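Here is a short tour to read alongside your model. Keep the sequence and the 3D view open as you go.

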Amino acid sequence: MCGTCNCDHHHGETGPAALPLETTGPRTIRLEQAILGRNDALAAQNRAAFDAQGLLALNLLSSPGSGKTTLLCETIRALAGRLPTAVIEGDQETSFDADRIRETGAPAVQINTGKGCHLDAAMIADAVGQLAPVRGSVLFIENVGNLVCPAAFDLGEAARVVVLSVTEGDDKPLKYPDMFAHADLMILNKIDLLPYLRFDVARCLEMARRVNPALPCLQLSATTGEGFDAWLDWIAHQYTAPRCGAGH
Ligand code: MG
Ligand code: ZN
């Protein structure tokens, strides 16, 4: 159960489409709108603060186990000496991921959401205060592994990156359309494992584009480095592009 977004009824096998009527009444919807409205206001403040400090904030979203932390560690190593980086890590418990990031030399702050299953804009404002990233950093935000409610929470990021690995189902984009509809980039990770799996890349991309026709997709392996240069180029392009604070 998520203590912040009241999203406990979004979890489980049946999904939002099969919610019992009593959990989707007007009171619940009003509560969600109030929470999201407050979050959006804080996210706008974050976005303005990031722009003022020259920070490029990227919100990384995925299921647990897609390889986000490995992707980030390799990205930080590749950017070392070129761009300063800093990381906010979100998990329900432990500081395992922030510890792994710090081993690369980049500063990292771990947020533990406890019962919560997403990051929100207020958590990010607090974490950035602790992190104090150097001006002009790429600020990576690794969201809690969850393809559902993190999609609803704007953190003030410049762009959203959804990471899907080939060890997951190729039909994820249609099962979790909100996540893919609001993404600015999709990364298909762990492509080195494709020979061992029944994962239909073309089918997956077709489903992603049905939800978000303009969604670019990069196929890469964070462990072998295949396809990694295109990801670094995408970051560099975002870094130099004017940030319009378009929101989602
Ligand atoms: Mg992680
Ligand atoms: Zn949640």
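The notes below cover the metal site, the sheet and a helix pair.

This is a predicted model, in which local features need pLDDT of at least 70, side-chain atom pairs count only at pLDDT 80 or more, and totals for chains, interfaces and linings use all residues. Residues are numbered from 1 along each chain as its sequence is written, and side-chain values use heavy atoms, with hydrogens and water left out.

Let's start with the metal. The magnesium ion (ligand 1) is coordinated at 2.1 Å by Thr 69 (OG1), Asp 97 (OD) and Glu 142 (OE); donors are N, O and S atoms within 2.8 Å of the metal (3.2 Å for Na, K and Ca), and sites may look incomplete because water is not among the atoms. Asp 97 sits in helix α3 (residues 96-102) and Glu 142 in strand β4 (residues 138-142), so the pair ties together parts 45 residues apart in sequence. Helices (H or I, at least four residues) and strands (E, at least two) are DSSP runs, numbered from the N terminus.

Two of these residues are buried (under 20% relative accessible area, 1.4 Å probe, protein chains only; exposed is over 50%, partly exposed in between):

| Residue | Relative accessible area |
|---|---|
| Asp 97 | 14% |
| Glu 142 | 3% |

Now to the sheet. Its seven strands form an open sheet in the order β3-β2-β4-β1-β5-β6-β7, with parallel pairing; two strands pair if DSSP finds at least two bridges between them. At the edges, β3 (108-112) and β7 (217-219) each pair on one side only. In β7, Gln 219 is the bridge partner of Leu 188.

Key: Chains lettered and ligands numbered in written order.
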